[in-house]
Amino acid sequence: MDISALVSAQPLRDLVNDTLSWQALENSPCRLQVAATDWEAGQVRLFGHGSCLLEGEEQMLESNFRDAVMASTAIPGFFPPVAVEAGKPGGGRELRICVDGGLVLNSPLNPAIDAGATSIHLICLNPDVSTLTLSPVNSTLDTMERALATSVASGVASELARVKLGNRLAGVVRHENSNEFFRAVTVHRYHPSKRVLGGVPGILDFSLQHLDELIGNGEFVAANHDCEREKCVLPKNHLSGRSNPK
């Protein structure tokens with residue numbers, strides 16, 4: 001059964017077309033990077049905007065930036081893949097079928113750090129695996145939710161371990177083939193309510209009530225953020241304890 005055939009992505013496409021402005025992006029001082037997964041190659045594709053692209057980044061153009069955003073939301077099995085214009089190895093452009101970047105890079109901390117970020121706010125949309133009920137007989141949705149949460153948690157833990165290692169090397173060790181030292185990085189973590197997220201069924205809940213609950217819970221979690229409770233990654237010289245993301 002193809003669930004994606006029952007879900008229309010056109011409302012999201014209309015929203016993206018109506019609200020995302022290429023001119024506004026061109027005039028923005030912020031740097032935008034969108035992660036998608038090449039569905040055929042099984043590799044991450046990073047679409048970056050700006051004159052100085054990082055190694056491995058695709059050039060984000062007016063012709064493909066909306067498609068890149070759409071692809072980054074295309075959860076396999078739930079939403080249809082998206083054709084995105086990308087660079088060919090030998091030069092030129094071609095259409096590549098892409099899906100959600102979270103498939104291979106759920107928490108793209110390294111690309112953000114490579115881009116110069118020293119303070120990162122990581123919103124963990126997966127529940128803590130230890131909080132999921134483990135019953136003798138689980139439904140298919142329960143099993144899918146636990147498998148997804150376990151996979152994502154493992155990837156996030158691996159990324160955070162690399163950040164911690166970088167912090168230990170900060171100011172002492174240089175990057176390979178570079179005169180630049182490792183920089184200390186702060187990663188603040190946020191965990192929205194499992195009840196509000198709604199598990200696997202919540203992915204397909206686009207009701208206004210559910211969206212209002214998500215926004216309200218996000219504001220509450222941010223306002224009551226505590227670094228110790230959320231196990232944030234803090235450099236040695238960073239004060240731990242309660243931390244307001246503002």
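**Close-up views of a predicted model**

The count of aromatic pairs comes to 2. The model shown is predicted. The legends begin with these pairs and then turn to the sheet.

**View 1. Trp22 and Phe65 form a tilted aromatic pair.**
Trp22 belongs to helix α2 (residues 22–27), and Phe65 to helix α3 (residues 65–72). The pair links distant parts of the chain, 43 residues apart.

**View 2. Phe79 and Phe206 form a tilted aromatic pair.**
Here the distance is 6.1 Å centre to centre, with 50 degrees between the planes. Phe79 sits in the loop between α3 and β4 (82–87). Phe206 sits in the loop between α7 (199–202) and α8 (208–223). The pair therefore ties together parts that are 127 residues apart in sequence. Phe79 counts as buried because its relative accessibility is 15%, and the cut-off for buried is under 20%.

**View 3. Five strands make an open sheet.**
The order is β3-β2-β1-β5-β4, and the pairing is mixed. Which strands lie at the edges? They are β3 (57–59) and β4, each pairing on one side only. Neighbouring strands are turned by 55 degrees against each other on average, direction ignored. Helix α3 packs on this sheet and touches β1, β2, β4 and β5. The direction of α3 makes about 125 degrees with that of β4.

**View 4. Strand β1 (residues 33–38) is largely enclosed by the rest of the structure.**
Why is β1 described as largely enclosed? Because 5 of its 6 residues are buried. β1 pairs with β2 (residues 43–48) in the antiparallel sense, over 6 bridges. Ala35 stands opposite Leu46 in β2. β1 is also joined to β5 (residues 93–100) by 3 bridges, again antiparallel. In that pairing, Ala36 has Asp100 of β5 as its bridge partner.

**View 5. β1 and β2 form a hairpin.**
The hairpin has 4 residues between the strands. Gly42 takes a positive phi near 70 degrees.

**View 6. β2 and β3 run parallel.**
How many bridges join β2 to β3? There are 3. Gly48 stands opposite Gln59 in β3. In general, strands of a sheet pair through backbone hydrogen bonds, either parallel or antiparallel.

Conventions. Residues numbered from 1 in each chain as written. Predicted model: local features only at pLDDT ≥ 70, side-chain atom pairs only at ≥ 80, totals over all residues. Heavy atoms only, no water. Buried < 20%, exposed > 50% of the residue type's maximum accessible area, 1.4 Å probe, protein only. Helix = DSSP H or I, 4+ residues; strand = E, 2+ residues; numbered from the N terminus. Pairing = 2+ DSSP bridges. Phe/Tyr/Trp six-rings, centres within 6.5 Å; stacked < 30°, edge-to-face > 60°. Axes fitted to C-alpha atoms, helices over the stretch in contact; angles between N-to-C directions. Contact = heavy atoms within 4.5 Å.
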